[in-house]
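Hi everyone, thanks for coming. I'd like to walk you through one structure today, so please have the viewer open and follow along.

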Amino acid sequence: LPMTPIQAALLGILQGLTEFLPVSSSGHLVLAQSLIPNFSQPGVLFDVVLHAGTLVAVIWYFRKMIFSLNKKMLGLLLLGTLPAATVGVLFQSQIEFLFSNPKLVALALILTGVMNWLVDSKNNRQQTTKAVGWSQALVVGIFQAVALVPGISRSGSTIFAGVVQGVKKEEAATFSFLLSVPAVLGAVGLQFLAYGSRNSVETANYLVGFLAAAFVGYLTIGFLMRMLRARRFKVFAIYCFVLGLTALLTSG
């Protein structure tokens, strides 16, 4: 049975909610799709279309900052993008295979929970001067590459990588979101080159999912920034622990 528009919209909403919250959107998509009878997609094309929707949300939310980036920040974003780009190109098929393993996703969600817990444990008052520099950008980029594993939150792991290096939490979050732009653009390009011309793609459903992800994603970014300021990442940590353990116990 083909995916229905309602299922596409619900998956888009799920992507919009979970892409920016540090709970792993890819992990949620894997677990949700495993509950849809006979769900299939060419490669991970539908997942990438949903990520393209949340990419639009990032670009619109940070549009003033993006259009006024200086040369140094562009260089930092390029450096931070290189690890995930390299891993994504060299190991594309192996990464796609991981999306069919709910047990691995469950373990990765628990690891994401640990990182979220540690973000709240850092005292932001000790981080009033440190901005993202070259070494910080590289380490954040390495964590973004690790987050290609479904269940490892891209936003959660990259914010964690910034904060543990002494970067202010809000600056770490902003850099994380900006870093998602080239990463997702690359993933979208790779998937469309590989699968986009296939006749089996359900264009209308993909568009529904894309729009839902973009709209909900935009609303979620502001919510995350407020949670970060209020030191509420432990809420996301507990959520990841519960979901990960539940998925682990029910995945057989």
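**Helices on the inside**

Let's start in helix H9, where Arg154, Ser155, Gly156, Ser157, Thr158, Ile159, Phe160, Ala161, Gly162 and Val163 are buried. Do keep in mind that this is a predicted model. That list covers 10 of the 11 residues of H9, which runs over residues 154-164, so the helix is largely enclosed by the rest of the structure. After H9 comes Gly166, and its phi is positive, near 95 degrees.

Now please move to helix H2, residues 25-34. Nine of its 10 residues are buried, so H2 too is largely enclosed by the rest of the structure. The buried ones are Ser25, Ser26, Gly27, His28, Leu29, Val30, Leu31, Ala32 and Gln33. What do they pack against? Four helices: H1 (5-18), H3 (45-61), H7 (102-121) and H12.

Let me zoom in on H7. The axes of H2 and H7 come within 10 Å and cross at roughly 145 degrees, and the crossing is left-handed. On the H2 side we have Gly27, Val30 and Leu31, and they meet Pro102, Val105 and Leu109 of H7. By residue type, this contact has five nonpolar members, one polar and no charged.

Ser24 sits in the loop between H1 and H2. Its phi is positive, about 75 degrees, although Ser24 is not a glycine. Is Ser24 buried or exposed? With a relative accessibility of 2%, under the 20% cut-off, Ser24 counts as buried.

While we're here, have a look at Gly12 in helix H1. Its relative accessibility is 0%, so Gly12 counts as buried. Setting aside neighbours within four places in sequence, Gly12 is in contact with Leu50, Gly209, Ala212 and Ala213.

For contrast, here is another pair. Ala230 and Val48 are 182 residues apart in sequence, and in space they are 31 Å apart, C-alpha to C-alpha. Ala230 belongs to the loop between helix H11 (203-229) and H12. Its relative accessible area is 39%, which means it falls between the 20% and 50% cut-offs and counts as partly exposed.

Next, the aromatics. How many aromatic pairs does a search of the whole structure find? The answer is seven. One of them is Phe233 with Phe236: the ring centres are 5.5 Å apart and the planes stand at 85 degrees, so this pair is edge-to-face. Both residues lie in helix H12 (residues 233-250), three residues apart, or about one turn of the helix. Phe233 and Phe236 are both buried. Elsewhere, Phe20, Tyr61, Phe62, Phe177 and Tyr218 form one aromatic cluster.

Finally, two places where a charge meets a ring. The charged end of Arg63 sits over the ring of Trp60, at 3.9 Å from its centre. Lys234 lies over the face of Trp117, 4.9 Å from the ring centre.

To recap, the picture I'd keep is of H2 and H9, each largely enclosed by the rest of the structure, along with a left-handed crossing of H2 and H7.

Conventions
Residues numbered from 1 in each chain as written. Predicted model: local features only at pLDDT ≥ 70, side-chain atom pairs only at ≥ 80, totals over all residues. Heavy atoms only, no water. Phe/Tyr/Trp six-rings, centres within 6.5 Å; stacked < 30°, edge-to-face > 60°. Helix = DSSP H or I, 4+ residues; strand = E, 2+ residues; numbered from the N terminus. Buried < 20%, exposed > 50% of the residue type's maximum accessible area, 1.4 Å probe, protein only. Lys NZ or Arg CZ within 6 Å of the ring centre and 35° of its normal. Contact = heavy atoms within 4.5 Å. Axes fitted to C-alpha atoms, helices over the stretch in contact; angles between N-to-C directions. Left-handed = near helix turned anticlockwise from the far one by under 90°. Nonpolar A, V, L, I, M, F, W, Y, C, P; charged D, E, K, R; others polar.
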